[in-house]
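Notebook open, viewer open. I want to look up a few spots one by one and jot down what I find.

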Amino acid sequence: MSRTINLPERTAPVVGEYDVVVIGGGPSGLMAATAASRAGRSVVLIERYGFLGGAGTMGGLSTFCGLHARIHGEDVRVVRGYADELLDRLEALEGLSEPHLSVDNRIMAQAFDISAYKIAADELVLAGGTELIFHATATGVVMADDGALDGVIIESKSGPGVVRGRFFIDASGDADIAAWSGAAYEKSEQLLYPSLMFRINGVDPAAAGSAWVTVRRLMEEAEAAGTHTFPRKKPIVRPQRNPLEWRSNLTQLSNQDGAAVDGTDVRQLTHGEIQGRQQVKDAFAFIQERTPGFEDSYIVDIAPQIGIRETRRIVGPYQLTEADVLECADMADTIGVNGWPVEAHVHGDVEFRFANRDSRGFNQLPYRMLVPEGADNLLVAGRCASMTQIGQSSGRVTGPCFVMGQAAGTAADLALKSDVGASDVNVAELQKRLEASGAYLGTDW
């Protein structure tokens, strides 16, 4: 039997033409669309789910990481700009918790209600005039004769279509558009491991107390006694805004050979979903049996998709490194800052590494990490931006993705205004525009 089949040639209708086309509605994509539309550009945002938010919604994360930095011992929110408006909208929906200490009390994180986030993200993006196309998956690109991107091929229940644009922002998470257009990228031989999030309801908060400490201790004791084995160390089980409900992050998804599930391989993704639900079942049974306050609890939700931490990363003019994170690097072309530590999900464990306790506590993010080597009318934002694997383990979380997205959307407007490619955007003007919109570039420390 032949292992390949020649598919018939086909034509696809042009379903729209825009100044800026954004692919992917996660934190970087929604901020990119917001920034470009607020600048007056015609913008479309293409998302394969029926809602925005990326890992925060479809991945069930329900927590913003990387909005804060510990600056000389003080916890300060350093991700600003359009993130302020998003958080204000969440607050108005009563869907935002107060920041809480996380990772051995070394950094702040902030929980939110997933349903409220979906609504707030819609409102933020639509307020600037962005058009949304949900339930559509990008499957290819159309290149112009001069090597520029001309369009993105999408597939949906309406059939195939082409979305044409003057400028494109790849916020797909997997660098799909950049890879298909011929841009340089890399993928680690050993990827960071994915997880599957779930939420527990019916908890007695008074009896549970500081159960995030208790659960970790009980799991470590059970493993030491040889009665149980768990996929990874350092479980995260934390209360939501309503303390009857807790979010849980304690799975680790691997293939038969122990390697991390690859988010660009559909069979591995399928295996990971099934394995993840089994891990959820087993972990919850242990928590319910052993943890005070969880006796009458139940699983209220398993995330719609496993949370992928790393696949392709573009190789741009600069790659953010682990040293940049730990040494709080300055960048002349800063577009914002990142205060999250190194968070490497390795086999069976999570390795956290922080900048020195008495340090500034954040690194600046360079514009160069958004610029792929390839099509001039393309920028890449989010976890697939130009970073080394360990640099990416810090820069992939929500806060820096917000930063990259707002910068990419603003840079797209500047590139179109000046009729230049992504690599020739006036960085000083970009920085001026970002600061005018409330973004924090980290230049005053």
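Where is the place of Gly25? I found Gly25 in the loop between strand E1 (14–23) and helix H1 (27–38).

Before going on, I wrote down the ground rules. This is a predicted model, where local features need pLDDT of at least 70 and side-chain atom pairs count only at pLDDT 80 or more, while totals for chains, interfaces and linings use all residues. Residues are numbered from 1 along each chain as its sequence is written, and side-chain values use heavy atoms, with hydrogens and water left out.

**Entry: Gly25**

Is Gly25 buried or exposed? Gly25 counts as buried because its relative accessible area is 0%. The cut-offs: buried means under 20% relative accessible area, exposed over 50%, and partly exposed in between (1.4 Å probe, protein chains only). I then listed what Gly25 touches, leaving out residues up to four places away in sequence: Leu30, Leu45, Ile46, Glu47, Leu52, Gly53 and Gly54. Contact here means heavy atoms within 4.5 Å. I also checked Gly25 against Pro304: they sit 279 residues apart in sequence and 15 Å apart in space, C-alpha to C-alpha.

**Entry: the three-strand sheet**

I looked at an open sheet with the strand order E3-E7-E6 and antiparallel pairing. Two strands pair if DSSP finds at least two bridges between them. On the edges I noted strand E3 (63–65) and strand E6 (100–102), each pairing on one side only. From one strand to the next, the twist averages 45°. Axes are lines fitted to C-alpha atoms (for helices over the stretch in contact), and angles run from 0 to 180 degrees between N-to-C directions. Three bridges hold E6 against strand E7 (residues 107–111) in the antiparallel sense. His100 has Ala109 in E7 as its bridge partner.

**Entry: the four-strand sheet**

What is the order of the four strands in the other open sheet? I read off E14-E15-E13-E16, with antiparallel pairing. Its edge strands are E14 (236–239) and E16 (298–302), and each pairs on one side only. Neighbouring strands are turned by 25° against each other on average, direction ignored. Three bridges join E13 (residues 198–201) to E15 (residues 246–249), and Arg199 stands opposite Arg247 in E15.

Ser248 also lies in E15. I put Ser248 down as buried because its relative accessibility is 0%. Not counting residues up to four places away in sequence, Ser248 touches Met197, Phe198, Ile200, Ile236 and Val237.

Helix H6 (residues 211–225) lies across E14 and E15, and runs at about 155° to E14.

(The expected span is 1.5 Å times one less than the number of residues.) Buried residues in H7 include Gly272, Val280 and Phe284. What covers the buried residues of H7 includes E13, H6, E14 and E16. At the start of H7, a side-chain oxygen of Asp265 comes within 3.0 Å of the backbone nitrogen of Arg267.

**Entry: aromatic rings**

How many aromatic pairs does the structure hold? I got nine. Rings of Phe, Tyr and Trp (its six-membered ring) pair if their centres lie within 6.5 Å; planes under 30 degrees apart count as stacked, over 60 as edge-to-face and the rest as tilted. Trp212 and Trp246 make a tilted pair, 6.1 Å centre to centre with 35° between the planes. That pair links helix H6 with strand E15, 34 residues apart. Trp212 is partly exposed because its relative accessibility is 29%, whereas Trp246 is at 2% and so counts as buried.

Trp246 also pairs edge-to-face with Phe294, at 5.4 Å centre to centre and 70° between the planes. Phe294 is in the loop between H7 and E16 while Trp246 is in E15, so this pair ties together parts that are 48 residues apart in sequence. Phe294 is buried, at 0% relative accessible area.

Definitions and conventions:
Helix = DSSP H or I, 4+ residues; strand = E, 2+ residues; numbered from the N terminus. Polar contact = N/O pair within 3.5 Å; in protein donor to acceptor, adjacent residues only side chain to side chain.
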